[in-house]
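Dear colleague,

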Amino acid sequence: MIYLEPESVPEAVAALAGDEDARCLAGGQTLMAMMNADLVMPSTLVGLRRIAGLHEVTETEGMLRIGAMVTHARLAGEERLEGARAVVTGSGGGGDDVSISGRLEGARAVVRDAARQIAHPAVRNRGTIGGALCHADPQADLPGALVAAGAHVEIAGADGVRTAPVDGFFVDYLESSLEPGEMLTAVLIPEGPQGAVGAHLKFSRTDGDYAIVSVSSVVAMQDGVCSYARVVVGSAGPAPLHLDAADALLTGSGLDDAVLLQAGDLLAAAADPVDDVRGSSDYRRLLLPALLARAVGAARERFDG
Amino acid sequence: MGFPPTVSGPGALKIENSFLVPAPRDRVWRFIQSAEEVGACVPGCEHVDVVGEGKFKARVRVKVGPIKALFNIDIERTEEEPMESASYSTRGEEGGRASRLSARSRLTLRAAGEKETEVAYASEISIAGRLGRFGAGVMKKKADDLGGQFAEALRQRIADTPA
Ligand SMILES: Cc1cc2nc3c(=O)[nH]c(=O)nc-3n(C[C@H](O)[C@H](O)[C@H](O)COP(=O)(O)OP(=O)(O)OC[C@H]3O[C@@H](n4cnc5c(N)ncnc54)[C@H](O)[C@@H]3O)c2cc1C
């Protein structure tokens, strides 16, 4: 196996070219475990850590551009600097981390909220947004949250750079729409509708385990009427589950419990979850409407009074 | 799939399905007697050799995202009731990569009117070695998916073959 650490995206793309068993290495949290289990045997490993641009977070044309190598911990914000300690914000150290978290407010908060609930600090410190997307595990937290946020992915390949809505990125279990020779360079997150709130509700056996079911939502209300809703369910099939019909049911309603359960039933009927140690397929489908009602009900309460 | 899984190994996987084929039962029976025809319907099957009466060797490629495997498989027909059913025992391993699979499968035909036949299959597969470390839930989905592709290919191939 060849190990490379290119310093630019074009060099990385060149290293991936013409070898379908070459793989990028981001935080290594999943790839290393899969290599240790002999499940994946790359011919060439392209380490991305030296590519400075992939670690950057910038604001461009209403989009927050998050480099593929930004860790879950940076997305979640520096937790040690919350509460009373937040007073040191901006005084060096974790300052930049806090400012990313600050930019993930409103609708974008769905992404921060998902990142915060991934695994435990060690995994969050190494695992990256790019790795989480490219691994394309539908039980993970960030894929659904990014679909709810209406994010776009930026992909580099031999023919240059393209961007696409994140919705179409997830094809099947562990299968993204990346073509051989392509890599993810950034995720672009729009500001979202005015006044919207975003949240990620994760239901799992223990803190930090993968979700049995997760619900990512971005919701806005005006004068008691829902003006925007985008709801996505994770661990419910081969890709994050999003139905325009469910959003349409919520939009224009008062988000009362009956409507929430109705939208949940629609999504449960479309869900095709796996049967495994974390929960049976039937159990996951049964949970879905109740969790959706809990997630969106909590959002509704934030608009009351 | 949630890797790493908290428990290892899918143990025994069961897949079951039935589907209608637009051909009378004797034609479907003749079709499934041909290793070459059936092999062409198995997703990822690269070739099949008949090595004896009711004995076959095949090479099958499977892939889930970055996880790829190539199995060398021995299939033996263990039971046969002409026009009704056939049972097979399958053993396979990856060249040098230490995954082994074994399966018992049964195929049953039932006439559904004069022009259609219901084909039912049931298979119990166990996988040991590196692929046994893969999450059970996704493995089952993948197996069901491959079963569905097999059914569709078989249906299509029989429909496209002149009687
Ligand atoms: C113990 C444990 C618990 C976990 N719990 C959770 C959880 O509760 N929720 C959750 O959502 N996740 C969970 N994860 C997953 C983790 O958070 C990471 O998202 C995951 O490990 C992938 O990120 P990574 O940076 O480590 O990627 P890597 O492991 O380095 O790579 C993963 C895959 O993506 C490819 N890849 C990476 N970056 C790129 C790129 N830029 N372009 C193209 N391909 C790329 C790699 O080739 C590889 O196939 C857990 C992981 C562990 C080890």
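**Cavities and ligand site**

Strand β4 (residues 67–81) of chain B contributes the most to the lining of the largest cavity, with 7 residues; strands (E, at least two residues) and helices (H or I, at least four) are DSSP runs, numbered from the N terminus. This is a predicted model, in which local features need pLDDT of at least 70 and side-chain atom pairs count only at pLDDT 80 or more, while totals for chains, interfaces and linings use all residues. Residues are numbered from 1 along each chain as its sequence is written, chains are lettered from A and ligands numbered from 1 in the order in which they are written, and side-chain values use heavy atoms, with hydrogens and water left out.

The structure holds 2 cavities of 30 Å³ or more. A cavity is a set of points, on a 1 Å grid over the protein atoms alone, where a 1.4 Å probe fits but cannot get out; lining residues have an atom within 4 Å of a point. A volume is the space filled by probe spheres set on the points, which are joined across faces, edges and corners.

The largest cavity has a volume of about 1200 Å³. Its lining comprises 44 residues, and B:Val42, B:Ile73, B:Thr90, B:Ser123 and B:Ile125 lie nearest its centre. By class, this lining has 32 nonpolar, 7 polar and 5 charged residues (Ala, Val, Leu, Ile, Met, Phe, Trp, Tyr, Cys and Pro count as nonpolar, Asp, Glu, Lys and Arg as charged, and the others, Gly among them, as polar).

The ligand lies between chains A and B. Around the ligand are 32 residues, each with a heavy atom within 4 Å; in this shell, α7(A) gives the most, with 5 residues. As for polar contacts (pairs of N or O atoms within 3.5 Å), an oxygen atom of the ligand lies 3.0 Å from a polar side-chain atom of A:Arg23. A polar backbone atom of A:Leu31 is 2.7 Å from a ligand oxygen atom.

Yours sincerely

Terms used
1 Å grid on protein atoms, 1.4 Å probe; cavity = no way out; pocket = protein on both sides within 12 Å on 5 of 7 lines; lining within 4 Å. Polar contact = N/O pair within 3.5 Å; in protein donor to acceptor, adjacent residues only side chain to side chain.
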